[in-house]
Every structure is written in C-alpha cells, then in structure tokens.
Amino acid sequence: MVLFDLEKTQLVPFQDMNEVHLEELALGNEIFEYLQNTTPVDHKWLQLKLRDFLYHTRDHFKFEEEIMKETLCPILSCQESEHNRVLAIMIQIFKDYMMSADTQILKDYFECEFKPWIEHHILTMDTVTATYLESYEKGESIPGLSDHQCGTSKC
Ligand SMILES: [Fe+2]
Ligand SMILES: [Fe+2]
C-alpha cells in the first residue's frame, strides 16, 4: 500500500507550498514503503530517514511561518500552534521507536496519525494561507486586515 497518492494530493494556490508538500509526502512514502516491505530492518538507515523527515517537516513549517510573518497573514498563530503540536508528537513517536526498536509504532503513526493530519491540514489551514499569499502577491490583500478564516473552531 502506498501511503500517499501524490497524483491526488490536494494542491494549494501557492506553488512553493505545493513543492514542499510533495517533497515531504514522497519522503513519507519512501519510509512507509520500507517499513512495510523490508525485513530485517536496518535501524541505522531508518533512523537517518526519520531524521531527514523530521528536519523536512520542521523546515516546511518554518517556511510557511516566515512567509506568513512577512505578509502579516492573519492566521499565523493558528498555523504556529498547530505546527508546534504536530512536531512535538512526531518527536515523541520517533523517540518511542528509538527506545523500543518497534517499527509498528512508526507504521501506525504514519498511517493513522500523520497521513490524515497532513491531508486535512493542507485542505484547511494551508489552503487558507495559500489563498491569502496568492492574493497578497497580486496586491489584493491588505496586510493584517483580511478575515481570519483559519477553518478551525479553536481560535
Ligand atoms: Fe504545509
Ligand atoms: Fe501548515
């Protein structure tokens, strides 16, 4: 089973964000494919891949937050708190795996937690962000004065 069907990935109206997303999902596919089809597992190789994935996710989030800061995007704080929450869970899961060498923890995480989360996040907060950035680039948004519309009921 492929974790992400890249052809069907929801695109947002800001191309740089799509490139980062597709790269990250491809890396997720590579790790998930390895977890499913490889025995015995090379834990050293896997740990390096998980590190790459963690760094990629961190940079992905940072990239979005920086550009939102520059453009005074109104949902910056929602993105930041969501990104921080997800990164903290990812770090905890990867630590749990490192302590136990139990790859089932990783399989469950990628399939049942990370996949639904990122698909939903791209469809909601990232789409709202990308729409803002696109209109900002066209000179249509007044910084700081656009509607909030983060798509959640949390804030
Ligand atoms: Fe994103
Ligand atoms: Fe995001």
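This is a predicted model: local features need pLDDT of at least 70, side-chain atom pairs count only at pLDDT 80 or more; totals for chains, interfaces and linings use all residues.

User: Which protein atoms hold the iron ion (ligand 1)?

Analyst: Four residues supply the donors: His 21 (NE2), His 60 (NE2), Glu 64 (OE) and Asp 126 (OD). They lie 1.9 to 2.2 Å from the ion.

User: What is the geometry of that site?

Analyst: Irregular. The angles among the 4 donor atoms run from 86 to 157 degrees. Tetrahedral would need every angle between 85 and 135 degrees.

User: How far apart are the iron ion (ligand 1) and the iron ion (ligand 2)?

Analyst: They are 3.4 Å apart. Glu 64 coordinates both. The pair also links distant parts of the chain: His 21 sits in helix H1 and Asp 126 in helix H4, 105 residues apart.

User: Is His 21 buried or exposed?

Analyst: His 21 counts as buried because its relative accessibility is 2%, and the cut-off is under 20%.

User: And Asp 126, buried or exposed?

Analyst: Buried too, at 0% relative accessibility.

User: New topic. What span does H4 have between its end C-alpha atoms?

Analyst: Helix H4, residues 103-137, spans only 44 Å. A straight helix of 35 residues would span 51 Å.

User: Where does H4 bend?

Analyst: At Asp 126, by about 40 degrees.

User: What caps the N-terminal end of H4?

Analyst: Asp 102 does. One of its side-chain oxygens lies 2.9 Å from the backbone nitrogen of Gln 104.

User: And what comes just after H4?

Analyst: Gly 139, with a positive phi of about 80 degrees.

Definitions and conventions. Residues are numbered from 1 along each chain as its sequence is written. Chains are lettered from A and ligands numbered from 1 in the order in which they are written. Side-chain values use heavy atoms; hydrogens and water are left out. Helices (H or I, at least four residues) and strands (E, at least two) are DSSP runs, numbered from the N terminus. The expected span of a helix is 1.5 Å times one less than its number of residues. The bend at a residue is the angle between axes fitted to the seven residues ending there and the seven starting there. A polar contact is a pair of N or O atoms within 3.5 Å; within protein, one must be able to donate a hydrogen and the other to accept it, and residues adjacent in sequence count only if both atoms are side-chain atoms. Donors are N, O and S atoms within 2.8 Å of the metal (3.2 Å for Na, K and Ca); water is not among the atoms, so sites may look incomplete. Four donors count as tetrahedral if all angles lie between 85 and 135 degrees; four count as square planar and six as octahedral if opposite donors are over 155 degrees apart and all others between 65 and 115; anything else is irregular. Buried means under 20% relative accessible area, exposed over 50%, partly exposed in between (1.4 Å probe, protein chains only).
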